[in-house]
Amino acid sequence: MLPIPRFLLPFLLLALVCFNAAGQSKSLNVTYIANEGFLLRSDHHKVLIDALFDESYGAFAVPDKAVLQNIQQSVAPFDSIDALFLTHYHKDHCNPVLINQYLDKHPATPLVTSKPSLVFIDGDCFGFVTKQTQFREMTPAANQSVNKTVAGMQVTAYGLKHLTYLRNGIDLEQYMFNISFLIDMDGVKIFHSGDIMPEAFSRYLALHKGWNLHTDVAFLYYKMLEADPKELKQVLDVLRPRYIVPMHIPPTEIAQWQAKLSELKKQFPGIIFFAQPMEKETLTIPSNK
Ligand SMILES: [Zn+2]
């Protein structure tokens, strides 16, 4: 064998490291749309989740009209969408007319959501049910899960209770049906909680001991990060996420969250914070995870 000149060694080593990184690490491109709405892109897949809505309830971020138009018209980066995902039918996640319109314009694109959400959209858009070939209904029972393959992606929907909103001792959200999604996009495991608090995890865990997901990216309702540390630890022990994206932060609280970001990073080193709609970030997931 020919001796390798000594001066070449560092270059060879660098080449080897780069080759390994390029060959084995995975990546996820995340574009923040508004509230809990995101465009996610992996090597071969692109999905929208909780993205078609325009109701702020006077408090939450909504997508720009131009963004909604670009989505409807498949203008890049919103071209070639594999599937629409919807966690629940609150109007700061779901506008039935916009979803109906999207399915009309994109007859090959499936909508992944629960029966209650489909019924809600159908109630608002008479005839929506005629698009049922595009429906990929996932309706787990409360504290159960169901699986489906959608456009080549493994999807699990968890029936995790929508966060509680008490008024005069009555939970105003007791009828709301939320699903949290686990989506495998080219080997990148993504969890999107929808609107839940850690107590939803405790309920699921009580029935499914040893629940363990090993996710790469966890999109979490922001108040989960401020929950009781023990309950939050339970959530993070299940998800073990490399990256955490807090969602649903009201625009009036963004500055406050930005200010405590360095503090949060000590606790959650992989926290990724989106402040402005259409901000994007490419998350790299090393292979040794
Ligand atoms: Zn909600």
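**Helix 3 against helix 4**

Colleague: Which residues in helix 3 meet helix 4?

Modeller: Pro96, Val97, Ile99 and Asn100 of helix 3 meet Phe120, Ile121 and Asp124 of helix 4. Contact means C-beta atoms, placed from the backbone, within 7 Å. Helices (H or I, at least four residues) and strands (E, at least two) are DSSP runs, numbered from the N terminus. The residues of this contact are 5 nonpolar, 1 polar and 1 charged. Ala, Val, Leu, Ile, Met, Phe, Trp, Tyr, Cys and Pro count as nonpolar, Asp, Glu, Lys and Arg as charged, and the others, Gly among them, as polar.

This is a predicted model: local features need pLDDT of at least 70, side-chain atom pairs count only at pLDDT 80 or more, and totals for chains, interfaces and linings use all residues. Residues are numbered from 1 along each chain as its sequence is written.

Colleague: At roughly what angle do the axes of helix 3 and helix 4 cross?

Modeller: Two packed helices are described by the angle and the distance between their axes. Here helix 3 (residues 96-105) and helix 4 (residues 115-124) have axes that cross at roughly 95° and come within 9 Å. Helix 3 is therefore roughly perpendicular (65 to 115 degrees) to helix 4. Axes are lines fitted to C-alpha atoms over the stretch in contact, and angles run from 0 to 180 degrees between N-to-C directions.

Colleague: Which residues in helix 4 are buried?

Modeller: A residue is buried if 20 or more other C-beta atoms lie within 10 Å of its own, and exposed if 12 or fewer do. Ser117, Leu118, Phe120 and Ile121 are buried in helix 4. They lie on the same side of helix 4, because they cover an arc of only 160° around the axis. Lys115 and Gly123, on the other side, are exposed.

Colleague: What do the buried residues of helix 4 pack against?

Modeller: They pack against helix 3, strand 5 (111-113) and strand 6 (135-137).

Notes
Parallel < 35°, antiparallel > 145°, perpendicular 65-115°, else oblique. Contact = placed C-beta atoms within 7 Å. Arc of directions from axis to C-beta.
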